[in-house]
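These are my notebook entries on a chain that I went through piece by piece. I wrote down how its parts are arranged and where they touch.

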Amino acid sequence: MLDNVRIVLVETSHTGNMGSTARAMKTMGLTNLYLVNPLVRPDSQAISLSAGASDVIGNATIVDTLDEALTGCSLVVGTSARSRTLPWPMLEPRECGQRSVAEAAHAPVALVFGRERVGLTNEELQKCHYHVAIPANPEYSSLNLAMAVQILAYEVRVAWLEQQQAPTPAVAYEEAPYPLVDDLERFYQHLEQMLLTTGFIRQAHPGQVMNKLRRLFTRARPEAQELNILRGILTSIEKQEHAKR
């Protein structure tokens, strides 16, 4: 199950942080590391700071885009240290660990961490089902990347240990499967295309409509069958539009 939990680092700029992250992961039983467009490649410093977790660094998957790192995932949680102009569903770290373990039993889960200085962009955060903020001391909330990974990795392990000891899972898993991130992205592309075709939104002035619709469907979190129904509705509208031409 823990193999299904991905730690995703976006555009990391210091190899030492990669090594420290690998160490934080391995102490909690996580080994699946993804590096999205790293500004530097893992080197001897990364190996040194991994302190025995060099296998995590050596087996890290390096990809060009966040979409590639999220391929096949059914749950994506992005770390965010500050409020955004468009609030997103939030999780506490303990809740993040519980949800991650519950879903990792059935499909890959991604915990996404942003750049050392500026974190994740709004666009990247909108690819996540939930955001998680670590409730650090507001007077001094300076957590480095590896510290943040350590905290969430610890919560994943605590939830996993509780699940091993409990007769039933700590968080009930919905029997109906959720769609993968890939399917959701195709739905959003289809939805945007139909809104443009019908004139609901304008290419030149799209505004915040799609961002708000993403948030709406993220809150609702449709199951795979429900998403298929929505895709069917869009296809029906698309056929009617073609018939008019």
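**Entry 1: H1 and H7**

I began with helices H1 and H7, which pack at an angle of about 15° with their axes 9 Å apart. I noted that axes are lines fitted to C-alpha atoms, for helices over the stretch in contact, and that angles run from 0 to 180 degrees between N-to-C directions. H1 and H7 are therefore roughly parallel to each other, since angles under 35 degrees count as roughly parallel, over 145 as roughly antiparallel, 65 to 115 as roughly perpendicular and the rest as oblique. The crossing of H1 and H7 is right-handed, a term used if the near helix is turned clockwise from the far one by less than a right angle, with left-handed used if anticlockwise. Their contact (heavy atoms within 4.5 Å) is made by Asn17, Ser20, Thr21, Ala24, Met25 and Thr27 of H1 and by Leu145, Ala146, Val149, Gln150, Ala153 and Arg157 of H7. I sorted these residues into 6 nonpolar, 5 polar and 1 charged; Ala, Val, Leu, Ile, Met, Phe, Trp, Tyr, Cys and Pro count as nonpolar, Asp, Glu, Lys and Arg as charged, and the others, Gly among them, as polar.

I kept in mind that this is a predicted model, in which local features need pLDDT of at least 70 and side-chain atom pairs count only at pLDDT 80 or more, while totals for chains, interfaces and linings use all residues. Residues are numbered from 1 along each chain as its sequence is written, and side-chain values use heavy atoms, with hydrogens and water left out.

**Entry 2: H5 and H7**

Next I looked up helix H5 (residues 93-104) against helix H7 (residues 145-165), and found an angle of about 55° with the axes 8 Å apart. H5 and H7 are therefore oblique to each other, and their crossing is right-handed. Among the residues in this contact are Pro93 and Val101 of H5 and Val156 and Trp160 of H7. By class, the contact of H5 with H7 divides into 8 nonpolar, 4 polar and 3 charged residues.

**Entry 3: the sheet**

In what order do the 7 strands of the open sheet stand? I read the order as E3-E2-E1-E6-E4-E7-E5, with parallel pairing; two strands pair if DSSP finds at least two bridges between them. Strand E3 (61-63) and strand E5 (90-91) stand at the edges with a single partner strand each, so one side of each has no neighbour in the sheet. Strand E2 (residues 32-36) pairs with E3 over 3 bridges in the parallel sense, and Tyr34 stands opposite Thr61 in E3. Helix H1 (residues 15-27) lies across strand E1 (5-10) and E2, and runs at about 155° to E2.

I then turned to helix H8 (residues 181-197) and helix H10 (residues 224-244), which pack at about 30° with their axes 10 Å apart. That makes H8 roughly parallel to H10, and the crossing of H8 and H10 is left-handed. Their contact has 8 nonpolar, 3 polar and 5 charged residues.

Last, I recorded that the protein chain is divided into domain 1 (5-165) and domain 2 (181-244), with bounds that come from an automatic or database domain assignment. The C-alpha centres of domain 1 and domain 2 lie 29 Å apart, and the contact takes 17 residues from domain 1 and 12 residues from domain 2.

Methods. Helix = DSSP H or I, 4+ residues; strand = E, 2+ residues; numbered from the N terminus.
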